[in-house]
Amino acid sequence: MSLKHFKNLLFLVCFTIVNFSFGQEKQKITIEHAPISYTDPKIEDGANVFLRDKSQQVHFIHKGVNLWCDKAVYYQDQDFIEAYSNVVMKQGDTIQMVAKYLEYSGKTQLAFASGDVVLTEPQSTLKTDTLHFDRIKQQAYYNTGGTVVRDSSGTITSQIGRYYMNTSKYQFVKDVVLVNPDYTLNTDRLDFFTENGHAYLFGPSTITGETNKVYCERGFYDTNNDIGNFQRNAKIDYDYRTVEGDSLYFDRNKNFASATNNITVTDTLNKSIVKGHYAEVWRAKDSMYITKRALAITVQEKDSIYMHSDTIMVTGKPEHRITRAYYNARLYKSDMAGKSDSIHVDHKLGLTELINLSRFSSEDAFALKRKPVLWNIDNQMSGDTIHLISNAKTEQLDSLKVFENAFLISKDTISKDAFNQIKGQRLIGLFKDNELYNVDVIKNAETIRYLRNDDNELIGIQKSKSGSINVKIIEQVVDEVRFINQIDGNIFPEADFPNSGKKLRGFDWRGEERPSSVEDLFKDDPPLDLPIIKGLEDYVPPEEFLDSDVTKRVEVAGKATPNKTNKAARNLPKKTPVLPLQQNLKPSDSLKVKTKKAGQ
């Protein structure tokens, strides 16, 4: 190597060393203003004491951070400050911290503040007794309890908290409470973003308002717009009504909630339960509709009533509730079952209406399948419309009315394919102890009866016409038939009765359609395809504030003064490990129902 090249290389190395040293020196804390300064023999060598004067505080600068205080002790060899009284620390134009006392290491860029600590950023203010601040990670941390105030969201308190400045995110742990004028949120762990007011809930959580209460174990809540989405055993209590489901959506301003998958809506005031896989609830309008295997249950002490259809709608105030089931509606209780295109129930009047399908012609085969039909014990009643009246207080059936094309059919007890039949324009039935005991068939009445003696031997087949018919039923068997304004009638031996005459015109035995259990209500439903609900991921505990990176910085800071106590290691936070939340998954409800339970 030539001498000239060697000189150039030596100059380059020296220049780099000088610049590196200068750069290192520039990283140290700068004393911007110190009106009064002195040394104190009571303080270790290498330390200076600075005091403010009447006009200005002591002022330090370090890497974009400004620090003011009334008194400071600066340990130059460790680049460490102890700041006392009216301490103010500013980072840029957005972050400011005030406290009674502060320690700051220029080598580790760690700060410790105590005494009425207030950290302010554009969207929130954090108040605590002690606060740790890592400028490299841009994180603030407390574990002695703190309060965050955000004007639009409210006040948040917790035992442990961390603020991530780069993402404007708070992470709260243990005894977390958010107090808003409209509600109070309690949770175990909460991630909160100050810029948009988004809150993520982990663990058992409640949001309690004046007229509602939300519970979940995973959830999201937009505190700016008062809307949320909740999973894991989620439920919403609206006064006397509780909505449960795999996933719940809630809009506080609209008093609206929707639910998806395995839904149960319980009305404690009206003793009713509605189930399905999608529901919407409008509290202000006292209305709700539910679909996808919808099932409404009127809970009764002795025998609950189950009603299923494509969609169920519940409207009206609690004192006058209306339930509508449509389309392909069916109902079941132990002694009664029914089918029709739609069912309308007025709970106050105790009136259940089975309504015909009006959008199809009466000749349509599909319409015939939807024609209202009601089974009570062994009797089948059908017509264009059926009204069933019950006593809401005693839970007993009172009467029924069949309007237009009324037909009453019951199978003969012995003969194969033989049916007792009564038809007319209208039918009125009376019940006692939930059993039909009297039937009046009005106008254009016709009947076919299989007459038997006390030994159940067939006497003959009676066929007659009259203006009206009155039927007395005892122990589910026709005991007496009275013909009013009889036109004609006769009793025929079975051998003389033609097969073609054994069924009245319009005869339609639908016994195979009768639900014999709650499960039967769903047997003709198409396959159920439910959406997959992912929801929030399981909670992942944050890394320790005092992690290996911080520990390494502290150790390096102490190497420059090995014979002195490493001041950068003072007041480091104790490790407070946050354990993962245990999963408490609720098994999916398959909508299989046991008839003796008021559930689906």
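**Legends to close-up views of the predicted model**

**View 1. Ile36 and its bridge partner in S3.** The residue in S3 that forms the bridge with Ile36 is Leu51. Residues carry numbers from 1 along each chain as its sequence is written, and side-chain values rest on heavy atoms, with hydrogens and water left out. The model is predicted: local features need pLDDT of at least 70 and side-chain atom pairs count only at pLDDT 80 or more, while totals for chains, interfaces and linings use all residues. Strand S2 (residues 36–38) pairs with strand S3 (residues 47–51) in the antiparallel sense over 3 bridges; two strands pair if DSSP finds at least two bridges between them. S3 is also joined to strand S6 (residues 71–75) by 5 bridges, and these two run antiparallel. Opposite Phe50 stands Ala72 of S6. Strands (E, at least two residues) and helices (H or I, at least four) are DSSP runs numbered from the N terminus. The protein chain has 35 strands and 3 helices.

**View 2. Ser258 in strand S21.** Ser258 lies in strand S21 (residues 256–267). Ser258 is classed as buried because its relative accessibility is 10%; buried means under 20% relative accessible area, exposed over 50% and partly exposed in between (1.4 Å probe, protein chains only). Leaving aside neighbours within four places in sequence, Ser258 is in contact (heavy atoms within 4.5 Å) with Ser247, Leu248 and Tyr249, and also with Tyr278, Ala279 and Glu280. Of the 600 residues of the protein chain, 49% count as buried.

**View 3. The largest pocket.** The volume of the largest pocket is about 750 Å³. Its lining has 34 residues, and Asn270, Thr298, Gln300, His347 and Ala392 are the closest to the centre of the pocket. On a 1 Å grid over the protein atoms alone, a pocket is an open set of points with protein on both sides within 12 Å along at least five of seven lines, a cavity is a set where a 1.4 Å probe fits but cannot get out, and lining residues have an atom within 4 Å of a point. Grid points are joined across faces, edges and corners, and a volume is the space filled by probe spheres set on the points. Among the strands that each supply at least two lining residues are S22 (272–282), S23 (287–298), S26 (336–346) and S31 (396–411). The lining comprises 16 nonpolar, 11 polar and 7 charged residues. Ala, Val, Leu, Ile, Met, Phe, Trp, Tyr, Cys and Pro count as nonpolar, Asp, Glu, Lys and Arg as charged, and the others, Gly among them, as polar.

**View 4. The largest cavity.** Of its 17 lining residues, Leu110, Ala111, Phe112, Ala568 and Arg570 lie nearest the centre. Strands S8 (95–105), S9 (110–121) and S10 (124–134) each give two or more residues to this lining. By class, 10 of the lining residues are nonpolar, 4 polar and 3 charged.

**View 5. The second largest cavity.** About 90 Å³ of space lies in the second largest cavity. Its lining has 13 residues, with Leu408, Ser410, Asn420, Ile422 and Val478 nearest the centre. The lining divides into 7 nonpolar, 5 polar and 1 charged.

**View 6. Residues 1–26 and 587–600.** Over residues 1–26 the pLDDT (the predictor's confidence in each residue, from 0 to 100) stays under 50, and the model has 2 contacts beyond four places in sequence for them. Residues 587–600 also have pLDDT below 50, with 41 contacts in the model beyond near neighbours in sequence.
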